[in-house]
Amino acid sequence: MAARKSKKAEVGGTKMMEVDIFAEIKGIRYKPLLCRRLNVFSFDNMDIALQKEASFILKIDEKEIAVSWWVSPKRTRSYPYARVYDTLEFPGKKVTIIPIMKDEGKDGDRDFLQWDTVSLMSLLGVYVIISYYVDASKNPNFKNKITNQKFDVDHVKEEISKLLYYQSDALHWNLLQLDNVGEIGKRALEHYKNISRRLGVEMHSWESAEKRIMKILKDKKDFMKLSRQLAEKAQKRERVTIQPKEHLTGIKATLTIKNYLGGLYYFTCDEAEIHGDNLYLIEGKHTKGKELPSLEDIKDGLLKMILLTNLENVQIEKRNYNPIPILKLTTAKGFDIAHLKKYEIINLLKEEARANSFKLLINDKFID
């Protein structure tokens, strides 16, 4: 299967300016070891669980399901990947709740759900519930900004009740969820209008939100097409834009993954390096301090490792490579790598790396 053509890449050498990688995922096998212990809540107390926990186990009669939820549909806010990661050790169904949109008011941000988010969860076997916010409080520090947004718990509970007896895999469930994004988007917009009137807060343009929702309304194919185009554009922007905090030495690469149904999903890899027949695929996490990156940051990186450790038929310009996934943690100067033993997380990270065949790199030193 041909890879999309890379530009200005010295394939077979280690110097590359830009590269496009094509790979397949036929199934996911991964053993997470850093998941935190999840508290158990009854179905009747789900509203309390959503207020207290980012991830938890929900008990419904004799059944249990692991639940995480996203503050915003944008993955760069509030470490949603870390929340999802914490549910992966649970042996039963894993579900994550994502708002179709989040509008913080005219003085804040507004984000919409993207297909690449749903596709990533599908690849990981995580069931998605697309929901919406129905209540909020006025942010005391801004004239036109809201905070403390709350999901429609009744809607979420209704979807979870359906999921308990759903027999197909996450991909099929998530595609069915996409059938409802038009109606969910309408509900979200109506509730934001109510919140705006009640709190006296001006939101972002209703017209542009309605146009965006109308684009979603047609059907899931149009939604997938729109969001994939946006994801691919974002992928290209991210590839050429290296944030100063990232501390990367290699080059960014696009990563196009084909699933077992033939769907194409577009992601980015922080760094890519070719060493003979080996292709280093590096996910980087950096901190400005002298300590390791936060646990949430590390878990965010581990979620990417789940993808990278399950890649097959990895190619660049029709040539096959052996993928070497690497989690790279970097710190500011002054970090003493000799004192790694005091970090309990390192031993678990090393064990997780061995169990799942990826490498751990700290400040340019591989940790075995």
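## Helix α6 and the residue after it

Just after α6, G200 takes a positive phi of about 70°. The model is a predicted one, in which local features need pLDDT of at least 70 and side-chain atom pairs count only at pLDDT 80 or more, while totals for chains, interfaces and linings use all residues. Residues are numbered from 1 along each chain as its sequence is written, and side-chain values use heavy atoms, with hydrogens and water left out.

Helix α6 itself covers residues 181-199, 19 residues in total, and spans 26 Å from its first C-alpha to its last, close to the 27 Å expected at 1.5 Å a residue (the expected span being 1.5 Å times one less than the number of residues). Helices here are DSSP runs of H or I with at least four residues, and strands are runs of E with at least two, numbered from the N terminus.

The buried residues of α6 are V181, G182, I184, G185, A188, L189, Y192, I195, S196 and L199. Seen down the helix axis, these buried residues fall within an arc of 160°, so they line one face of α6 (the arc is that of the directions from the helix axis to the C-beta atoms). On the other side of α6, R197 and R198 are exposed. Buried means under 20% relative accessible area, exposed over 50%, and partly exposed in between, with a 1.4 Å probe and protein chains only.

A search of the whole structure finds 18 salt bridges, each being a side-chain nitrogen of Lys or Arg within 4 Å of a carboxyl oxygen of Asp or Glu. In one of them R36 pairs with E53, with the closest N and O atoms 3.5 Å apart. This pair links distant parts of the chain, 17 residues apart: R36 lies in the loop between β1 (19-24) and β2 (40-42), and E53 in the loop between α1 (46-52) and β3 (55-60).

R36 is partly exposed at 29% relative accessible area, whereas E53 is buried at 15%. R36 and E53 also belong to a network of salt bridges that includes D86 and K299.

## Two further pairs

Within helix α4 (residues 153-164), E159 and K162 are 3 residues apart, about one turn of the helix, and their side chains meet in a salt bridge at 3.2 Å, N to O. E159 counts as buried at 6% relative accessibility, while K162 is partly exposed at 44%.

K285 forms a salt bridge with E283, the closest N and O atoms being 3.9 Å apart. K285 counts as buried at 11% relative accessibility, and E283 counts as buried at 5%.
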